[in-house]
Amino acid sequence: MDKIIIQGGRTLKGEVRISGAKNAALPILVSSLLTDGWNTYSNVPDLKDIQSTKLLLSNLGARIETDGDIIRIDAGGVCNHEAPYDLVRKMRASILVLGPLVARLKKARISLPGGCAIGARPINLHLKGLERLGASIELKHGYVEASADCLKGNEIYLDIATVTGTENLMMAAVLAKGITVLRNAAREPEVIALADVLNKMGSKIEGAGTSVITIQGVSTLHPVSVSIIPDRIETGTFMISAALTRGDVTLLNCEPDHLKATIHKLRLSGARITIEGKQIRVLGGDEILSVDIKTLPYPGFPTDMQAQFMVLMSVANGFSIISETIFENRFIHISELRRIGADIKISGNTAMITGVPTLSGAQVMATDLRASASLILAGLVAEGTTEVNRIYHLDRGYETIEKKFARLGAAIKRVKV
Ligand code: EPU
């Protein structure tokens, strides 16, 4: 397994191009299951999770061609309705095939995703929603078995505004008979991006981006050609790297509107941020100020930025509080950050951070995707050498992150072990 080695203390300067969004690309690639014929997707990031999605779709019977950041998928020949354990355990988002498979093939058998490092992450709301659309669901031998001769539109209230749950149910409802209303739907930009793609295919979805989404079912959909939106979490991660190293970094090809909460908090921390169209320039301030954050569903501060922001607060001038309200166990990076010298205490879902003047490089272990990114950030600013081990998770969600940081002036390299 590879590891990343960083000599900290360099000031980052220059431009970095932001890749397509992993969490938009995953459901959008899966939505190809709803059509016959070739769909074309551009600006697709080259990530482990994208490879897992391609493997899953080809296992179901889809034809797939890849040319750089363009992926073409024809799901006309899909006849297998099973997502096996070996594929689902590599990527929880595999559950996204449930809705489209039931809509298209009238049945699906999907290995139940287990918990993961950040929490139990049940899928009960995906299943309850699908039942409301008329599917019968059984859990057998670790698999979800769902079937429905004909899905029928219905009112669905989501107890929690689940992101992939909303996406799964939208993909099931587009081919259902009648009208589906999703209440307390997730409002993330990735949900809007999926709805836009589905509408381009011929669906009738209104309200995506609000908490009430209305879907008028249609009988068939057609293939599309679309581009994946920029990754707001990759954008935020690079913004923090600039603030952290007192650098001057311009992010190209990003969507500033999707990062309002992150930009607001970074400005409060002393970073100077200017926005021009699809570009964001971040100039690190002379001093990093303490700022409290609480993770919330969009448009609140994203849980996927919590670990990275915590690194910034670890070297801030003062004391800050970070509350995690989305996942029950998303503080696993803290023990590793402490090894790099951060002063962080935990009480329940609250972390109390006392900023220290310097972090000191150490050997650390990556535990989940965003935790991995936080350790890289800590390494960029720590004195001496930081070695981030088990970076498998990083490759699931960041495209060549070490090359992008190296181009900004970081002393960072990947080592094959
Ligand atoms: N939840 C339930 N029941 C459900 C579904 C969710 O209790 O049926 C709970 C979860 O356990 C969690 C909360 O609801 O406590 C929110 O989870 P959500 O379903 O919204 O998360 P997700 O759809 O599984 C997506 C992203 C995550 C991101 C979260 C929150 C994708 C593929 N994944 O996960 O991204 O953290 O939304 O914004 O879109 C990442 O990229 O690193 C990542 C973890």
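Just after α9, which residue takes a positive phi, and of about how many degrees?

Reply: That's Gly270, which comes just after α9 and takes a positive phi of about 110 degrees. Before going on, bear in mind that this is a predicted model, where local features need pLDDT of at least 70 and side-chain atom pairs count only at pLDDT 80 or more, while totals for chains, interfaces and linings use all residues. Numbering runs from 1 along each chain as its sequence is written, and side-chain values use heavy atoms, with hydrogens and water left out.

Back to the helix itself. Helices are DSSP runs of H or I with at least four residues, strands are E runs of at least two, and both are numbered from the N terminus. α9 covers residues 260–268, and Ala261, Thr262, Ile263 and Leu266 are buried in it (buried is under 20% relative accessible area, exposed over 50%, partly exposed in between, with a 1.4 Å probe and protein chains only). Those buried residues pack against α8 (232–244), β16 (272–276), β17 (279–283) and α10. Contact here means heavy atoms within 4.5 Å.

The peptide bond from Tyr298 to Pro299 is cis, with omega near 10 degrees. As for Ser323, it belongs to strand β19 (residues 319–323) and, at 15% relative accessibility, counts as buried. Leaving out residues up to four places away in sequence, Ser323 touches Ile293, Lys294, Thr295, Asn349 and Thr350.

Asn43 has a positive phi of about 60 degrees although it isn't a glycine; you'll find Asn43 in the loop between β3 (38–42) and α2 (48–60), buried at 9% relative accessibility. Thr400 is another non-glycine with a positive phi, of about 40 degrees. Thr400 sits in the loop from α13 (392–397) to α14 (401–407) and is partly exposed, at 34% relative accessible area.

On to α1 (22–30). Eight of its nine residues are buried, so the helix is largely enclosed by the rest of the structure; the buried set is Lys22, Ala24, Ala25, Leu26, Pro27, Ile28, Leu29 and Val30. Leu34 lies in the loop between α1 and β3, and it counts as buried at 3% relative accessibility. Setting aside neighbours within four places in sequence, Leu34 is in contact with Pro100, Ala103, Arg104, Met171, Val174, Leu175, Leu198 and Leu221.

Some of those names come back at the second largest pocket, which holds about 310 Å³ of space. It has 18 lining residues, and the closest to its centre are Ala103, Arg104, Leu175, Val218 and Ser219. Its lining divides into 10 nonpolar, three polar and five charged residues. (On a 1 Å grid over the protein atoms alone, a pocket is an open set of points where a 1.4 Å probe fits, with protein on both sides within 12 Å along at least five of seven lines, and lining residues have an atom within 4 Å of a point; nonpolar is Ala, Val, Leu, Ile, Met, Phe, Trp, Tyr, Cys and Pro, charged is Asp, Glu, Lys and Arg, and the others, Gly among them, are polar.)

Now the strands, which pair if DSSP finds at least two bridges between them. Four of the five residues of β7 (residues 107–111) are buried, so that strand is largely enclosed by the rest of the structure. β6 (residues 82–83) runs parallel to β7, joined by two bridges, with Ala83 partnering Ile110. β9 (residues 143–147) pairs with β7 in the antiparallel sense over five bridges, and Ala108 stands opposite Ala146 there.

Finally, an open sheet of four strands has mixed pairing and the order β22-β23-β1-β24. β22 (363–365) and β24 (411–415) are at the edges with a single partner strand each, so one side of each has no neighbour in the sheet. β22 pairs with β23 (residues 385–389) in the parallel sense over three bridges, Val364 standing opposite Val388.

Notes: Grid points are joined across faces, edges and corners, and a volume is the space filled by probe spheres set on the points.
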